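Please read the following report alongside the sequence and the model. It takes up strand pairing, then salt bridges, then confidence.

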Amino acid sequence: MANFLLIIFLCSGFVEKWYLPKGTSHQGGRICIADADRDGNYELYFNTFEYGYKKIYIYELHLPNIWEADSFFPDFIDALVWDIGDFDLDGLYDLIILSSWFCPPPVIGMTVFESPDSFSYPIQEVWRDTVGYPEVSPIAVYDVDQDGIPEIIKCRGDPTPHGDESFVIYEAAGNNAYVKLYAPVSDHFAPLSTIGFGDFDLDGKIEFVFGDAYYRIYKSPADNTYEQILEDLIYPPNIRDCFSVTDADGDSKMEFVIKAFHPLLGFIRAFIFEATGNNIYTKIDSFTFYNGYWNYGGGYSDAGDVDGDSIPEIVLEACQDIYIIKSAGNDSFYVWATLPGNLTGSNVRIFDLDNNGLNEIIISGNNQTRIYEYEPGRVEEVKEETQGVRLEVYPEPFKDRLYIKYQNSSIEDKTKDVKLKIYDVTGQLVRKFDDLTNNTFNLITWNGCDNSGKKLPSGVYFLKFEAGTFRETKKLLLIR
């Protein structure tokens, strides 16, 4: 049993409440949360990389601040945890695990572990897809056809003579028995993102959205029936994260977020969508963050009310930063706070672990887990009425990261392109930012590197900014 001290970390009203010395490592698997042994204490389930294998850790919270750790190795080399719940409706918790490596026969695909009784963790294997395709393929569970039995949706299915299965939908057909309901075959679509669920267009049917280079929306019109509603391309075409939000802007409609990244150019872009009609979905806002790292494989975000105002926030994973995005009004959003992430990617979850009425933000990555909670009144939020465009840069001077924030309340200037360039003291252009958003609130992070990704030396630089009729130059001091 380990007793972890309460560590205070001030970050825009959030404190680091708990720290766990284990956590997810790089891309693959999700943090799962449940009280599987029904003792009134929540557990965290995740996989971490140790000694060439992915080991599964279980951390249980005993209030107020004691985390009890347990762990186990499945009998395959690379186990990724994806979801937890009672999927076959037998009253026992099931844990879905996937192998991401080719193993000795039989080839391992999706595997279900179950609690042996109502007072134990789900560590006993009860079902295995022996012909499954081992891959870093996200899996999520949701009752899409609303028949009372949740479907298990696995991205990337099995190879067939006519192409690969794009994804696979399983459903329980009895106790510890699962059957394949749906597996469309495609020669080009292989989703590798997480999956967002919800009745986005308010027609009483559940949609789900995921993607790779394209994003796709499917819907269930009837029991065990699924059809594609939409297929579209976004830029950059590297989607790893799709998730839903329960009405963040107060218009009685759910949103869903699609996040993609460009590994070479080093930027991450998040698109917020909302339905504007039956089977019609529109991008209502977007954010671009220049948070590049060569080994970033794309992490996973979440959404939920993290400040206790009953309105959900978007908690967006973006490499070394986690951005908390709030609504500024209907179809308008801004970055409200920032928490530290992990360069190779993070697993983010929102959950009230201690039942105190405030959801915690769980950030796991780099083989460690940090858990934050909002402390009302710690940092007073300042609201200002701005006219036109306002540009801010901070910190000054800076070492590793410079935040460039611009706010735009001018309707005329919103229709114009934003230009942002950085020059050295000789007047040579060293960094140019392309594809910038021009929304009401915008935030860019610069890591002090030039266009090729090379770190620039210490010295004075000049930022030149244009947005419509607004122009401003700021002096920057980089200290290595």
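## Strand pairing

In this predicted model, strand β35 (residues 418–424) runs antiparallel to β36, and 4 bridges join the two; strands here are DSSP runs of E of at least two residues, numbered from the N terminus, and two strands pair if DSSP finds at least two bridges between them. L420 has F433 of β36 as its bridge partner.

Both strands belong to an open sheet of 4 strands with antiparallel pairing, in the order β36-β35-β38-β39. Because β36 (429–433) and β39 (470–478) stand at the edges with a single partner strand each, one side of each is left without a neighbour in the sheet.

## Salt bridges

The structure holds 20 salt bridges, each defined as a side-chain nitrogen of Lys or Arg within 4 Å of a carboxyl oxygen of Asp or Glu. One of them joins R216 and E231 at 2.7 Å, N to O; R216 lies in strand β20 and E231 in strand β21, so the pair ties together parts that are 15 residues apart in sequence. R216 is buried, at 2% relative accessible area, whereas E231 is partly exposed, at 38% (buried means under 20%, exposed over 50%, partly exposed in between, with a 1.4 Å probe and protein chains only).

## Confidence and conventions

The mean pLDDT (the predictor's confidence in each residue, from 0 to 100) of the chain is 86, and 89% of its residues reach 70 or more. Over residues 1–11 the pLDDT is below 50. Where pLDDT is low, the predicted coordinates should not be read in detail.

Residues are numbered from 1 along each chain as its sequence is written, and side-chain values use heavy atoms, leaving out hydrogens and water. Local features need pLDDT of at least 70 and side-chain atom pairs count only at pLDDT 80 or more, while totals for chains, interfaces and linings use all residues.

Conventions:
Contact = heavy atoms within 4.5 Å.
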